[in-house]
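Okay, thanks for coming, everyone. Let me put the structure up and talk you through a few spots in it.

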Amino acid sequence: MLDRRDACPIARSWKEGMIELIDLVKRFGDLTAVNGINLVVPRGEFLAVLGPNAAGKTTTIKMIAGLIKPTSGTARVAGFDVQMQPLEARKRMAYVPDFPFLYDKLTPWEFFRFTGQLFRMDEARLQTSVRDLIARFNLEPYLAKPIEGLSHGTRQRIAIVSALLHDPEVFVIDEPMVGLDPQHARVVKDILKERSERGMTVFFSTHQLSVAEEMADRIAIIHQGRLIAVGTRDELRRQSGVPGALEKAFLTLTSQEANLSEVPAALQ
Amino acid sequence: MSAHSQTSGLPTPLALLIKVNALQAWRRLKSVRDQSRLLTGLIGLSIVGYASLSFWLFYKGLRFIKTFPGLGTLLTERLLFLLFAFLFVLLLFSNLIISYTNLFRNRETSFLMSLPVPFEAIFRWKFLESALLASWAFLFLIAPLLAAYGLTHRVPWHFYLMTIVLIALFVFLPAVAGSWLAANLARYMDRRAFQITALLLAAASLVSAIFWLKPEPVTDEALETRVLVVLDRLLTKTRFAQYPLLPSYWLSSGVLHWAEGALATAGFFALVLLSHVLFFGCLTFTRMGNVFYDAASTVQSRGSVLSRWGWFRAWRNRTRSCNFAAGPVESALNKLFWLRSETRALLTKDIRLFWRDTTQWGQTLVLFGLLGVYIINLRHFSHQLTNPFWMNLVSYLNLGACSLNLATLTTRFVYPQFSLEGKRLWIVGLAPIGLPRLVKAKFALATGASLAVTIGLIWLSCYMLRMPWERTLYFTCAVAAMTFTLNGLAVGLGALYPNFKEDNPSKIVSGFGGTFCLVLSFLYIVSSVTLLAIGSPWSRRQTTDQMISCTVGFGVLSLALGWLPLKIGLRKLVKFEL
């Protein structure tokens, strides 16, 4: 049977990119939060997105997740336009925000079942998937306890497990390590890396340069709504002209960009 | 991966959402067992007390109206039409506000929007949830009335069943209208534009009500000889409630006809309601998904609508350029040189937070505004208010109404203040001012602001009732004492029963301390007004002993419920541990 993505002309490049951002612009009144981002993230790539506060990272992620409409441009997930075919795109992706919503009066197990059923998973597959993940995230002691009584870190782990349950093709996560202890941060890193090697595309936003440096195949830097650099660690170092730690390259690139954007204002 | 291994036979997303939320609601209800027995008892007692009292009042009222020869039925009918028409408007507003919050300011909605749940399914669930949340109080309000109506009119048993069906159909219509309005207002208006429009509409309604609700001049002769003509003139202004295209008209007609045994006519109105519910329900369930998504995206994407206007941009730029200067509140408070600078800083912060929270000043304005409109309208009762009995009664009722309004506000806004401060204890609690002073500053600010309003309203009431200065002074002292007490009670209990887990003030209030505060405030007001009325110095049947004992009783009660909780609360704060 012909995949709808093959038949759809606007989804022609799905084999190349699992996440495609094409001239993506988002304005909030006078403020341009995302300013013409073009980016393709291929299948199985682990992409870390860095940027100072209010750079436009979360807005970009929200457009990928379909939570807000772009002012112009297109966001595609697994070849599906997030605006035109939202259900197809969302079936294939998972999104974990920095402060995820959970139903407080449910137990983690009930929450996993609920999320799995929303993704139309059958019981056998749900059981297999959940058992593996809860063992790795050490969630067994909490499975029958109401979520409302659990710590922030445990809630974060529950959110990540529920997002991974349906084995998404694209995994988008905003600040994944917030609230996690070192042991579980390691588990998250390992699982995401394994899944990425098995073909899951990971798009994660972080302020922790060390995590990006350790995990990412490529790193994208967003500053003042624009994608100012994208590449491997070495490519970024070369682009910035600063050898050594990623931090130096990041600071150089963002300060260069800030200086460049001030020039037209100064000329005026 | 996942998308390729879907399975059939699973519940629909809407069914899943209903199931999961019903489970949550059930567990919330069960958790009542873990709450304080005293709180559960208080809540249960309040519910039973309200239902019994309102049933008794409605029953007595309807029986009284029925005794009017030839007019009883007409008056009862008109009252029902009016009641349902006003409740329809209230339900519409309630649905509008709850739908807006539920659709666009709700974390569950954002969560569901990132999952493969169709927007239609999200909207359907949120619509059902909002309709339930907005309508349960309506059912609670009218149940005693309909029970009293049924008893006074000796209706058959099936009247009650049919009424439930009619009401279930009726509440659906304002829910549809409210959700549709919410989605479209969110789509086309930002918060500030909405606030300004709402205030302008409220002002326009107020002005039109003042012009429309003018008193009918009626002479004593007309009252005695031309009752029907006079009554017809008086009822003319309530005819709007019998406009046949109003859903409340269909409900009222259905209820009344069923009670009279005209089952076919009542059935017709039930079918009218049903057809509208089906038509608008179908539209809501099938056509609102994309409207909702557009609106949700717009809500999260918008700059201010007002920023399109040049004057607004200029004003905003000017305020931005003044960022480092003291604002008007700060400048005004700086003139109070006897206050310490840290106390002034706390007061400035609290005043700013109050002003920037529309809910707080909006509800204050509505409650006291309505009371003000009522008091101003006392001038129309000039004929009746020449009688000393009525004058006395109305003046004490005004004192009670003013205090009840204040009690609602102190419980809703003053009580949770300390708990909310708990979230900010990293800055305020650790500052070198001490928690007792923080709470004292809150008490002073809340009492000062309340006094300005309550004394103003009592003066207005005394002026409208043309009371002499000594009576005005008496009521001023009484309302001032009650204001101190109600604020002391709210601040004191707020410090005694803090809840630092919640950010939402309404959830803090719904806990034990808040409920206790509300119940104590109401009991205090009822007891105080009764004591003051019994010990009134202007009552002819009054003995000096009775007057002194009532006044002393009022003073002791005020001290016990105002000063004592505040004192205990402040003492607790000295050894406070977070």
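So, what do the buried residues of helix 4 of chain A pack against? Before I answer, a reminder that this is a predicted model. Within chain A, the partners are helix 5, residues 123-136, and helix 6, residues 152-164. Then chain B joins in with its helix 1, residues 13-30.

Helix 4 of chain A covers residues 108-118, and eight of its 11 residues are buried, so the rest of the structure largely encloses it. Among the buried ones you'll find A:Phe111, A:Phe112 and A:Leu118, but also A:Arg113 and A:Gln117. Look just past the end of that helix, too: A:Arg120 has a positive phi there, about 60°.

Now, the contact between the chains. On the chain A side we have 31 residues, touching 32 of chain B. Strand 1 (19-28), helix 3 (86-91) and our helix 4 each put at least two residues into that side of chain A. By type, that side splits into 15 nonpolar, four polar and 12 charged residues.

Last topic, the cores. The largest nonpolar core has 135 residues, and the members touching the most others are A:Ile64, A:Val77, A:Val172 and A:Phe203. Helix 6 of chain B, residues 158-188, gives this core its largest share, 15 residues. Zoom in on A:Phe203 if you like: leaving out residues up to four places away in sequence, its contacts include A:Ile19, A:Leu47, A:Ile64 and A:Val172. And there's a second, separate core of 50 residues, with B:Leu346, B:Leu347, B:Phe443 and B:Ala490 among its members.

Note on methods
Residues numbered from 1 in each chain as written. Chains lettered and ligands numbered in written order. Predicted model: local features only at pLDDT ≥ 70, side-chain atom pairs only at ≥ 80, totals over all residues. Buried ≥ 20, exposed ≤ 12 C-beta atoms within 10 Å, placed from the backbone. Helix = DSSP H or I, 4+ residues; strand = E, 2+ residues; numbered from the N terminus. Contact = placed C-beta atoms within 7 Å. Nonpolar A, V, L, I, M, F, W, Y, C, P; charged D, E, K, R; others polar. Core = buried A, V, L, I, M, F, W, Y, C linked by C-beta atoms within 7 Å.
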